[in-house]
Amino acid sequence: MSAFLAGFRAEALMLLRERVVWLALLALAAATLFALHTGAARVAAQSEIVAAARAEEATRIDGLKKSLARLEKGETQEEPPPYRDPRNAAFMGGGPAARVAALTPQPLALIATGQSDLYPPVVKVTTGSKDGFLFADEIDNPAHLLAGATDLAFIVAYVYPLVILALGFNLLAGEREQGTLAMTLASARRPGAVLGAKFCARVAAPIGVTLVAVALGVAVFAGAGALLSADALRLAAIILVYGLFWAALAAAVDGLGKGSAFNALTLVCAWVALALLAPAAINSLAAFAHPAPSRIDMTLAARAAATDADKARDAALARYVDEHSGQKPAREGTLRRLATQEAAFTRVEAVVAQHDAQLARQRALADRLSFLSPTLLAYGALADVAGTGEARYRGFLEQISGFHAEWRSFFLTRAQAGASMTAADYNALPRFDESLDAPADAIAAPLAGMALPALVLAIIAASGFRRARP
């Protein structure tokens with residue numbers, strides 16, 4: 001242990017004298033804090049959207065209750081049209097009384113954008129088909145979405161490994177080329193321990209700086225409560241294990257006994273292959289194996305199905321008027337309208353279900369192949385900790401589907417029975433359950449997928465360091 005500590009201390013002192021090392025570490029810390037700052041701004045904007053939607057819902061439903069009270073007391077002389085009548089269940093559930101389904105940001109949502117730039121944080125659930133509220137709005141400017149966001153997950157996944165590789169790629173090769181490796185091997189009682197300690201000092205600097213910067217940024221931008229949570233420990237574990245993987249890779253390449261140029265070129269190629277090419281290849285392969293229509297195509301197909309159902313409704317109402325000598329449809333017309341709405345709902349549900357099933361097969365294949373890329377594993381794990389990963393958003397959409405069915409049942413049963421909405425009905429409106437958290441064990445598999453290769457590489461590196469020759 002004394003040999004290890006002596007080597008660690010000596011290398012740390014040498015690093016402190018290198019201005020380029022300070023520059024690299026300060027740049028990494030600054031990038032980390034900037035990413036957390038932008039993430040906090042994004043979360044604040046999403047929280048404002050959720051709060052505004054809830055306030056608008058409360059005001060809207062309160063207005064319907066007041067209008068209903070005036071109608072029941074006879075204070076309103078003119079009969080309101082059906083689409084404004086708070087007693088009309090067929091129309092109220094389709095928009096005026098729509099309930100807000102919100103996905104509240106998690107305490108550490110600032111660390112990763114994840115799926116939050118693709119799905120809205122707030123959805124107004126109605127009795128209509130899903131295309132009427134799931135795809136009603138664009139989330140952001142498409143040009144902004146194409147550029148992507150600079151979040152902590154991006155910094156950790158792509159910038160953080162480069163700093164580790166830059167400091168650890170040439171410990172043995174550098175000392176061999178400078179002629180100091182022979183002196184180190186001759187003066188140390190346990191040369192392998194000393195060399196390992198010197199390498200640990202090099203890679204501990206960027207790992208430690210990143211962990212400290214993340215802790216500081218989370219405490220400042222998310223609060224002390226978020227820093228002391230279990231998710232913060234999971235975040236630290238991901239950063240640590242991911243950093244150790246790249247450190248072990250650098251040590252394994254350096255232990256081959258080649259020159260600095262060979263090490264640098266090999267590690268850069270490895271970074272490009274694992275961080276850039278592998279994720280793109282995995283997603284492309286999953287899309288090729290299980291092709292699914294784009295979100296735009298799905299939206300257009302769903303709206304086409306709804307349009308066909310509207311045409312069928314118009315034809316049915318026209319036949320009704322013709323069969324009843326030009327009389328306007330009353331109760332029977334309402335039932336026909338509800339029936340055609342149900343037909344539109346069934347068609348749209350079939351289109352959405354087909355798209356979701358194909359997309360689920362894509363995701364399953366991509367999840368299995370993601371173990372070929374530690375970068376993909378790390379990014380997915382960070383998104384899960386942030387609460388913006390695919391698992392939580394899939395749960396959110398499943399909750400919306402269940403609530404949509406409950407909402408439709410609440411209003412359509414009353415509309416089909418011809419019952420008027422009462423104050424008690426408005427007080428008993430179904431509420432969306434917003435208690436949706438990401439699974440606590442969601443990062444277990446990604447951590448194992450990074451730790452096992454890191455362990456293998458560390459064993460290879462230890463063997464190479466023990467065989468080191470000047």
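Visitor: How many helices and strands does the secondary structure of the chain come to?
Guide: The chain has 17 helices and 2 strands. Those are DSSP runs numbered from the N terminus, with helices being H or I of at least four residues and strands E of at least two. This is a predicted model, in which local features need pLDDT of at least 70, side-chain atom pairs count only at pLDDT 80 or more, and totals for chains, interfaces and linings use all residues. Residues are numbered from 1 along each chain as its sequence is written, and side-chain values use heavy atoms, with hydrogens and water left out.

Visitor: What share of the chain is buried?
Guide: Buried residues account for 43% of the 470 residues. Buried means under 20% relative accessible area, exposed over 50%, and partly exposed in between (1.4 Å probe, protein chains only).

Visitor: Which residues are buried in α17?
Guide: P446, L447, G449, M450, A454, L457, A461, G464 and F465. They pack against α6 (171-178), α8 (191-221), α10 (230-254) and α14. Contact here means heavy atoms within 4.5 Å.

Visitor: What span should α17 have, and what does the model give?
Guide: Helix α17 (residues 444-466) has 23 residues and should span 33 Å at 1.5 Å a residue; its end C-alpha atoms are 33 Å apart, which agrees. The expected span is 1.5 Å times one less than the number of residues.

Visitor: Where is P453 found?
Guide: P453 sits in helix α17. With a relative accessible area of 30%, P453 is partly exposed. Leaving aside neighbours within four places in sequence, P453 is in contact with F245 and A448. P453 and A248 lie 205 residues apart in sequence but 8.8 Å apart in space, C-alpha to C-alpha.

Visitor: Switching topic. At what angle do α11 and α14 pack?
Guide: Helix α11 (residues 260-289) and helix α14 (residues 374-386) pack at about 80°, with axes 8 Å apart. The two are therefore roughly perpendicular. Axes are lines fitted to C-alpha atoms, for helices over the stretch in contact, and angles run from 0 to 180 degrees between N-to-C directions. Under 35 degrees counts as roughly parallel, over 145 as roughly antiparallel, 65 to 115 as roughly perpendicular, and the rest as oblique.

Visitor: Which residues make the contact?
Guide: From α11, L274, A275, P279 and I282; from α14, P374, T375 and L376.

Visitor: And L33, which helix is that in?
Guide: L33 is in helix α2 (residues 19-73). L33 has 29% relative accessibility, so L33 counts as partly exposed. Not counting residues up to four places away in sequence, L33 touches A213, G217 and F221. L33 and V214 are 181 residues apart in sequence and 7.1 Å apart in space, C-alpha to C-alpha.
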